[in-house]
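Trainee: Before the terms are applied, may I ask on what grounds each of them is used here?

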Amino acid sequence: MLIPIIILNNSPAVARLWSRERENYKPQLIAPLLQRYKTFSAVISGILTRMPSNQDAPLKTYLVHLARGELAYQFSPEAGRAVFYPRMLCPFTGSDRLEWRISKGLGTVYATTVVHPIEGKPFNVALIDCDEGFRLMSRVENIAPEQVRIGQRVHFRVHQPGGEEPPQPVFAPVEGA
C-alpha cells in the first residue's frame, strides 16, 4: 500500500510517528495529526482534486478587482477571519469555502522602512493593517518616504504601472488624520 508522506513540521515526535505509521499503516494513529493539520487533511481528502483554471484562480480574481479600482480580499466564514493574499484554502481551517469581499480601503501603517536603491530615489515599504482585519505589504505615496509613520492612517488607491505589469495596491495618507 502506498502511503503519502508529508512533512508536517520538524518535530522529532512527528517524525517518529510518521516512521511508525509507514511501517504499520494504522489510520487511528494518523487521524489526530490530520485533525491538527487541517490544510493537509483537506488536500489528502481530495478537496484539491484539480488545479484551478485560469478563470477561477484566486490571483486572477484579485487582479480583476484591482483593475476596477477595488481592493478585494477573501473571508473565511468558518474561521470568521479575513484571508489575504488570495488562496484556494483557508490557512486557518483548511476549508475551501472562501468568500470574496471588497475592502473600504482604509488602514493603518503597522511597520515601515525606507529603501535606498543604488539607482533612483528612495522609497518606503510598509505593512498596512486594513480595517477589515488583514495585512498587506505596499507603499505609502504622496509623502516623503522618511515621513511615513507607524500608526498613520492611510487610504487605498490603485497604481497602474503600465505595460505588462499588473496593477498594484498603494496607499496615501488620510488627510486630517
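Mentor: Let us start with the packing of helix α4. The buried residues of α4 pack against β1 (72–76), β3 (99–102), β7 (153–159) and β8 (168–173); contact means heavy atoms within 4.5 Å. This is a predicted model, in which local features need pLDDT of at least 70 and side-chain atom pairs count only at pLDDT 80 or more, while totals for chains, interfaces and linings use all residues. Residues are numbered from 1 along each chain as its sequence is written, and side-chain values use heavy atoms, with hydrogens and water left out.

Trainee: Which residues of helix α4 are buried, and what puts them on the same side of α4?

Mentor: In α4 (residues 58–67) the buried residues are P58, Y62, H65 and L66. They cover an arc of only 100° around the axis, and therefore lie on the same side of α4; the arc is that of the directions from the helix axis to the C-beta atoms. An α-helix has 3.6 residues a turn, so residues three or four places apart point the same way. After α4 comes G69, with a positive phi near 85°.

Trainee: Why does S76 count as buried?

Mentor: Buried means under 20% relative accessible area, exposed over 50%, and partly exposed in between (1.4 Å probe, protein chains only). S76 has 0% relative accessibility and therefore counts as buried. S76 is placed in strand β1; helices (H or I, at least four residues) and strands (E, at least two) are DSSP runs, numbered from the N terminus. Leaving aside neighbours within four places in sequence, S76 is in contact with R81, V83, C90, T93, R97 and L98.

Trainee: How many residues of the lining of the second largest pocket are nonpolar, polar and charged?

Mentor: The lining divides into nine nonpolar, two polar and one charged. Ala, Val, Leu, Ile, Met, Phe, Trp, Tyr, Cys and Pro count as nonpolar, Asp, Glu, Lys and Arg as charged, and the others, Gly among them, as polar. The lining includes Y62 and L66, and α4, β6 (135–138) and β8 each supply at least two of its residues.

Trainee: Over which residues does pLDDT stay under 50?

Mentor: pLDDT is the predictor's confidence in each residue, from 0 to 100. It stays under 50 over residues 1–22, for which the model has 26 contacts beyond four places in sequence, and over residues 38–49, with 22 such contacts. The mean pLDDT of the chain is 79, and 67% of its residues reach 70 or more.

Methods. On a 1 Å grid over the protein atoms alone, a cavity is a set of points where a 1.4 Å probe fits but cannot get out, and a pocket is an open set with protein on both sides within 12 Å along at least five of seven lines; lining residues have an atom within 4 Å of a point.
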